[in-house]
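Me: I'd like to learn how to read the inside of a fold. Can we go through one together?

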Amino acid sequence: MQPLLKGMPARMAILDYGLFQVHENGRIIGICGYLIQTTEGENVLIDSGFPAKYAKDPAAATQEDALGDFGQVLKLTDQNLAPSQLQLLGLAPGDIDLMIQSHTHIDHVGYMDGFPGVPIVIAAAERALPRPLYWSGKQAMEWPDADFRTIDADTTIGPQFEVLFVPGHAPGQLAFSLELPETGPVVLTSDAISRASELDTGFEGAWDAALARHHAERLIEKARQARAMLIFGHSPSQWPKLRKAPDWYT
């Protein structure tokens, strides 16, 4: 794949897509996405949160998807949908130049069809599925009509911006490594490591736990060597401390 971006990462915003409680252990997790803006003014959206129906009637949406077997949405309003989060940054869906799906579970893929005409970077293993993973085998979503750019290995998509192929949590899980002018190196694990304790609990519930551990250790080592800021996918302890849109990491 040829590099898709011309500019280097200039700043990064963390998007707040709501709060969710996992029934198994009661942990409360933030649902996040990222907006990376380059020195050339390119806007890259990583993940798009829950489907919009969860902001309109979370109880009905939960019942429709049988999500109550896993947990419950605690906070998800129109303000937690992708367009509203982008608006906090002075952006609209039409300003997005590139979208990346870290994987296709329900809390990451819900607004994937909301950016017509925007190329989508995704792992080939996910795009090869008849439908996005969504939740618990339901696979209720159809693939949008989009220009999918598939990868099956670590891929540099622009200067100082690498998409990392780290299957385990999901068959096509992606993570991200970039460098910001002031913050320095950043590693975004997405759900390859949802929280630090997964390294101790053995990645229970992962699509392939052994593979998840292998790539988690690779990400930890990559962050250590680069002395990078490490942001986990759904860390209950880290989430409240992170700056959210409209604030930027520069």
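Me: Which residues touch the most other members of the largest nonpolar core?

Reply: In soluble globular proteins, nonpolar side chains tend to be buried together. A nonpolar core here is a set of buried Ala, Val, Leu, Ile, Met, Phe, Trp, Tyr and Cys residues joined through side-chain atoms within 4.5 Å; buried means under 20% relative accessible area, exposed over 50%, partly exposed in between (1.4 Å probe, protein chains only). The largest core has 37 residues, and Leu35 and Phe50 touch the most other members. Strand E1 (9–22) gives the most, five residues. Helices (H or I, at least four residues) and strands (E, at least two) are DSSP runs, numbered from the N terminus.

This is a predicted model: local features need pLDDT of at least 70, side-chain atom pairs count only at pLDDT 80 or more, and totals for chains, interfaces and linings use all residues. Residues are numbered from 1 along each chain as its sequence is written, and side-chain values use heavy atoms, leaving out hydrogens and water.

Me: Which way do the residues of strand E3 point?

Reply: In a regular strand the side chains alternate between the two faces of the sheet. From E3 (residues 43–46), Asn43 and Leu45 point one way and Val44 and Ile46 the other, and all are buried.

Me: How many bridges join E2 to E3?

Reply: Two strands pair if DSSP finds at least two bridges between them. E2 and E3 run antiparallel, with four bridges; Tyr34 has Ile46 as its bridge partner in E3. E3 also pairs with strand E5 (residues 98–100), in the parallel sense over three bridges, where Leu45 partners Met99.
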